[in-house]
Amino acid sequence: MIIKKVLLSALFIVLIVASYWVYSEFSFSPLKQNDFQKLFKEYQGSFEKSYSEDFLGMRTKAELFELYRYSIKGGIIGNDFPKFTEWENKKVGKATIVGTWKNCPLDFQTMELYNFTLTSNNLGNVKCCSSFNKEILNPKNYYSFVHFNDLEQYFLLYCSDSQELYYIRRKGF
């Protein structure tokens, strides 16, 4: 009888830990309220992560290559935004290239910087991104980026009509 209680208790603890792990993995969002305030002018709106895709199939919260899509309200594009001295807990230094919001489509220099990130996975075939390739060509939309080096890059695409933000993180690979 004691062994049965111990086994049931152990099973209960394993289920709680597994449930917490699954919840934390699926609710994880790399962007927080203060990040949106750095991205958008006078941002006081709301946001919700509507989809995420891990291109390597692992979920560890320190992903190497992933895409997030956010539905946002209150995002105002400013010509001198984003404004920050740190991005994803890393200081923005002199070697870091930060692109302020620009109208799509991408210019040649940005395409050269992000060629691998934007073409290594066919984003048009990803469930949440079927319109990504179309949106990146729409002159009503805006893009921005943070380029620390060839292995650590962050790309943002803001779709003004749908008020959606695509965020591609590449940290390695």
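This is a predicted model: local features need pLDDT of at least 70, side-chain atom pairs count only at pLDDT 80 or more; totals for chains, interfaces and linings use all residues.
Which side chain meets Lys83 in a salt bridge? I looked, and Asp80 is the partner, at 3.2 Å from N to O. By salt bridge I mean a side-chain nitrogen of Lys or Arg within 4 Å of a carboxyl oxygen of Asp or Glu.

Residues are numbered from 1 along each chain as its sequence is written, and side-chain values use heavy atoms, with hydrogens and water left out.

Next I checked exposure (buried is under 20% relative accessible area, exposed over 50%, partly exposed in between, with a 1.4 Å probe and protein chains only). Lys83 is partly exposed at 45%, and Asp80 is partly exposed at 42%.

Then I turned to Glu66, which forms a salt bridge with Arg169, the closest N and O atoms being 2.1 Å apart. Glu66 sits in strand 2 (residues 65-73) and Arg169 in strand 8 (residues 164-171), so this pair ties together parts 103 residues apart in sequence. My strands are DSSP runs (E, at least two residues), numbered from the N terminus. Both Glu66 and Arg169 are buried.

I also found Glu152 paired with Lys90 in a salt bridge at 2.9 Å, N to O. Glu152 is in strand 7 (residues 152-159) and Lys90 in strand 4, 62 residues apart. Glu152 is buried at 13%, whereas Lys90 is partly exposed at 30%. Shared partners join Glu66, Glu88, Arg169 and Lys171 into one salt-bridge network.

Key
Helices (H or I, at least four residues) and strands (E, at least two) are DSSP runs, numbered from the N terminus.
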